[in-house]
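Subject: Structure handover

Hello,

Please find the structure below, handed over for your use. My notes on it come after.

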Amino acid sequence: MASLLRSSLSFAAFDASSAEAFSHFFWKPLEPPKIGNSSLNLVRTSNARLRIRGSVEEKHTPARKASKEPFRLTREEEGQVLDPFQELEYRFKRFKRKNYVENLVDYQNLAERQSPKFMVIACADSRVCPSNILGFQPGESFTVRNVANLVPPFQHGASETSAALEFAVNSLEARKFYKSDMPNLMLQGTHKLHVENILIVGHSRCGGIQALMSMKDNADSRSFIKDWVSIGKSARLSTKAAAGNLSFEMQCRHCEKESINGSLLNLLTYPWIEKRVSEGTLSLHGGYYDFIDCTFEKWTLVYREGLEGGSKYAIKNRALWS
């Protein structure tokens with residue numbers, strides 16, 4: 001299916017344009033904790049413990065400083081291998097102190113309702129976290145991640161991705177309750193707040209796309225990975241036709257972007273998505289994150305009758321963020 005867009009969705013010409021801005025929360029600095037009327041002064045000691053001046057002492061994992069060394073959850077310290085969950089516990093408690101407590105009203109509102117503007121479909125690759133890359137804050141993005149950020153067509157049947165699409169586009173409800181002590185929670189009631197944008201985020205050096213490009217046409221394998229990435233076979237065929245004379249690495253790079261367009265077209269096979277796109281209440285976007293040089297390409301799929309050349313599909317709002 002992606003081959004239908006080969007000419008109109010070409011990546012050869014790139015017209016950089018202004019990009020939509022993302023909203024951000026700004027956190028206030030954390031005040032020192034208190035017991036009674038006395039402030040607690042936390043002093044880090046050389047043996048990786050936090051000492052509270054007074055009579056109470058708590059063992060704790062030290063805060064991590066910026067380093068050029070690769071990040072690892074499991075580390076050796078004082079000759080012992082630390083439990084990786086000890087680090088996660090520290091991060092969670094730090095999040096609660098510095099984010100949750102300092103913005104309690106915002107998080108209480110989120111506990112009662114969500115109204116994300118975006119649904120993001122991204123790869124499960126650990127290097128590609130949409131909230132990290134694009135700065136999404138809690139409540140801003142309804143996110144699903146899978147191998148190679150693929151969207152199966154409607155005819156494929158049930159999957160976690162199609163279920164997430166149905167929930168975000170059809171069933172997402174924001175419950176609002178009025179509470180006398182929390183007037184910001186507004187009036188009692190329930191109404192639907194659909195997402196307004198679906199963004200598919202692909203990325204460089206995608207292992208799922210490499211598996212797709214490496215597949216043998218007649219291979220008989222019961223691999224879950226191969227069964228899943230075969231959703232992108234049309235992108236593989238288009239890539240072989242357009243870039244078959246290039247190196248395997250360059251073919252994979254071409255397919256990483258081609259598969260995004262294939263998934264954008266697959267979105268339109270869902271009746272409720274096609275209906276809302278036609279009505280202009282839902283927009284479909286592609287994005288490509290290159291973590292080698294930290295750039296992000298963004299484009300929007302146009303779908304309507306009577307476009308130039310008689311096609312229903314076109315690309316607009318191309319942008320390169322670098």
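The notes below go from the whole chain to a helix pair, the cysteines and one tyrosine.

This is a predicted model, in which local features need pLDDT of at least 70 and side-chain atom pairs count only at pLDDT 80 or more, while totals for chains, interfaces and linings use all residues. Residues are numbered from 1 along each chain as its sequence is written, and side-chain values use heavy atoms, with hydrogens and water left out.

Whole chain

The chain contains nine helices and 15 strands (DSSP runs numbered from the N terminus: H or I of at least four residues for helices, E of at least two for strands). Of its 322 residues, 38% are buried (buried means under 20% relative accessible area, exposed over 50% and partly exposed in between, with a 1.4 Å probe and protein chains only). Taking contacts (heavy atoms within 4.5 Å) between residues at least 6 apart in sequence, 61% join residues at least 24 apart.

Helices α4 and α9

Helix α4 covers residues 160–171 and helix α9 residues 271–279; their axes come within 10 Å and cross at roughly 45 degrees. Axes here are lines fitted to C-alpha atoms, for helices over the stretch in contact, and angles run from 0 to 180 degrees between N-to-C directions. The two helices are therefore oblique to each other (under 35 degrees is roughly parallel, over 145 roughly antiparallel, 65 to 115 roughly perpendicular, and the rest oblique). On the α4 side the contact is made by L165, E166, V169 and N170, and on the α9 side by W272, I273 and R276. These residues divide into four nonpolar, one polar and two charged (Ala, Val, Leu, Ile, Met, Phe, Trp, Tyr, Cys and Pro are nonpolar; Asp, Glu, Lys and Arg are charged; the others, Gly among them, are polar).

Cysteines

A search of the whole structure gives zero disulfides (pairs of cysteine sulfur atoms within 2.5 Å). C206 is in no disulfide, and the nearest cysteine sulfur, that of C123, is 4.1 Å away. C206 is buried, at 1% relative accessible area. For C252, the closest cysteine sulfur is in C255 at 7.2 Å, which is too far for a bond. C252 is also buried, with 3% relative accessibility.

Tyrosine 288

Y288 lies in strand β13, residues 283–290, and is buried with a relative accessible area of 0%. Its C-alpha atom is 6.6 Å from that of K298, ten residues away along the chain. Leaving out residues up to four places away in sequence, Y288 touches several residues, including H203, R253, E256, F296 and W299.

Regards
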